[in-house]
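Trainee: I have a model open on my screen and I'd like to learn how to read it. Could you take me through a few features?

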Amino acid sequence: ALQAEDAVEKEEIQQTEAAVMIEVKQDEYIIDGKTVGLDEIDALIHQPDMYKAAFTLVDNYASAKAWDEVMALLVNHGISVVEK
């Protein structure tokens, strides 16, 4: 019985859509407290489990250029973006 329960839990985890919060602070992108570049965000998008991910962009005095660039990157990949 224990093995079956473990399998169910693993399946549920796989079905959970990833949620990524990207803070745009002036010209920087911050994910989980780490500053990342557009190329790193691009690489993140291309991970197999990220195609259903929900991305939230947080405007923390973001520069228009930085905001527009990350927004374009996400939208071009068909990713739904929540703006905060």
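Predicted model: local features only at pLDDT ≥ 70, side-chain atom pairs only at ≥ 80, totals over all residues.

Trainee: What is the order of the strands in the open sheet?

Mentor: Strands of a sheet pair through backbone hydrogen bonds, either parallel or antiparallel. Helices (H or I, at least four residues) and strands (E, at least two) are DSSP runs, numbered from the N terminus, and two strands pair if DSSP finds at least two bridges between them. Here 5 strands run in the order S3-S2-S1-S4-S5, with mixed pairing. S3 (34-36) and S5 (81-83) are the edge strands, each pairing on one side only.

Trainee: In which sense do S1 and S2 pair?

Mentor: Antiparallel: S1 (residues 19-25) and S2 (residues 28-31) share 3 bridges. Valine 24 stands opposite tyrosine 29 in S2.

Trainee: How do the axes of H2 and H3 cross?

Mentor: Two packed helices are described by the angle between their axes and the distance between the axes. Axes are lines fitted to C-alpha atoms, for helices over the stretch in contact, with angles from 0 to 180 degrees between N-to-C directions. For H2 (residues 38-45) and H3, the axes come within 11 Å and cross at roughly 20°.

Trainee: Is leucine 73 buried or exposed?

Mentor: Buried means under 20% relative accessible area, exposed over 50%, partly exposed in between (1.4 Å probe, protein chains only). Leucine 73, in helix H3 (residues 64-76), has 15%, so it is buried. Leaving aside residues up to four places away in sequence, leucine 73 touches Leu38, Ile41, Asp42 and Ile45 (contact means heavy atoms within 4.5 Å).

Trainee: What about phi of aspartate 32?

Mentor: Most residues other than glycine have a negative phi. Aspartate 32 has a positive value, near 50°, and is found in the loop between S2 and S3. Aspartate 32 counts as exposed because its relative accessibility is 73%. Glutamine 26, in the loop between S1 and S2, also has a positive phi, about 55°, although it is not a glycine.

How values were computed. Residues numbered from 1 in each chain as written. Heavy atoms only, no water.
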